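This briefing looks at charged side chains and their pairings, and then at the overall build of the chain. Please keep the model open alongside the text.

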Amino acid sequence: MSAAIAYRAPLPLYEEGLAFWEELERESQQHVKNINGVATAHGLEDFHLVEWKSGRGIIGIVRKWYPSTDITISLAFERWGPVIKVLVTGYQHEDLRFYPEEQEVPVARDLDGRTVAVLGEGRSYSPREFACYLAQHLRRCFPDMALPCTPDDCG
């Protein structure tokens with residue numbers, strides 16, 4: 001086997017992407033717990049709560065009761081670096097689906113050296129801020145309740 005075939009260049013920001021993902025996972029899970037705590041305090045029953053699901057490289061934040069929301073977040077490594085893929089779907093009621101929202105959010109180094117998620121408009125988010133941004137997709141599920149994480153809390 002030639003040396004050219006045996007050598008694989010490391011993926012850019014591989015370790016940084018994994019570390020960002022792990023922190024995003026912890027922060028997102030905490031947001032789910034906080035949202036469920038507030039929902040319970042508002043007297044909502046268990047079937048109204050948000051479910052947390054995770055697996056290798058994938059996170060699911062799901063509220064099944066109408067209006068429902070399903071946020072699927074996954075980590076991919078492209079040749080230029082890590083990318084967080086987000087798919088948000090849901091239903092207003094049984095026969096009325098929300099238009100799905102898809103995003104691919106690159107993970108990069110900020111000018112100050114931090115590893116951040118960069119949204120299309122060029123704004124960079126820490127794992128905590130990005131988890132908060134994702135949790136805001138659950139707002140339509142709880143229209144009469146202030147979610148415990150707002151962008152101002154994460155700034």
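The protein chain carries 16 positive and 23 negative side chains, and the centres of these two sets lie 4 Å apart; here Lys and Arg count as positive and Asp and Glu as negative, with His and the chain ends not counted, and each charge is placed at NZ of Lys, CZ of Arg, CG of Asp or CD of Glu. The model is a predicted one, in which local features need pLDDT of at least 70 and side-chain atom pairs count only at pLDDT 80 or more, whereas totals for chains, interfaces and linings use all residues. Residues are numbered from 1 along each chain as its sequence is written, and side-chain values use heavy atoms, with hydrogens and water left out.

**Salt bridges**

- The count comes to six salt bridges, a salt bridge being a side-chain nitrogen of Lys or Arg within 4 Å of a carboxyl oxygen of Asp or Glu.
- The side chains of E78 and K85 form a salt bridge with an N to O distance of 3.7 Å, and E78, K85 and E104 are linked in a network of salt bridges.
- D110 and R114 also meet through their side chains in a salt bridge, at 3.3 Å from N to O.

**Accessibility of the paired residues**

- D110, at 24%, counts as partly exposed, and R114 is partly exposed with a relative accessible area of 36%.

**Overall build**

- The protein chain has four helices and nine strands, where helices (H or I, at least four residues) and strands (E, at least two) are DSSP runs numbered from the N terminus.
- From the N terminus on, the order of elements is α-α-β-β-β-β-β-β-β-β-β-α-α.
- The C-alpha trace spans about 65 × 35 × 25 Å along its principal axes.
- Of the 155 residues in the protein chain, 39% count as buried.

Technical notes:
Buried < 20%, exposed > 50% of the residue type's maximum accessible area, 1.4 Å probe, protein only.
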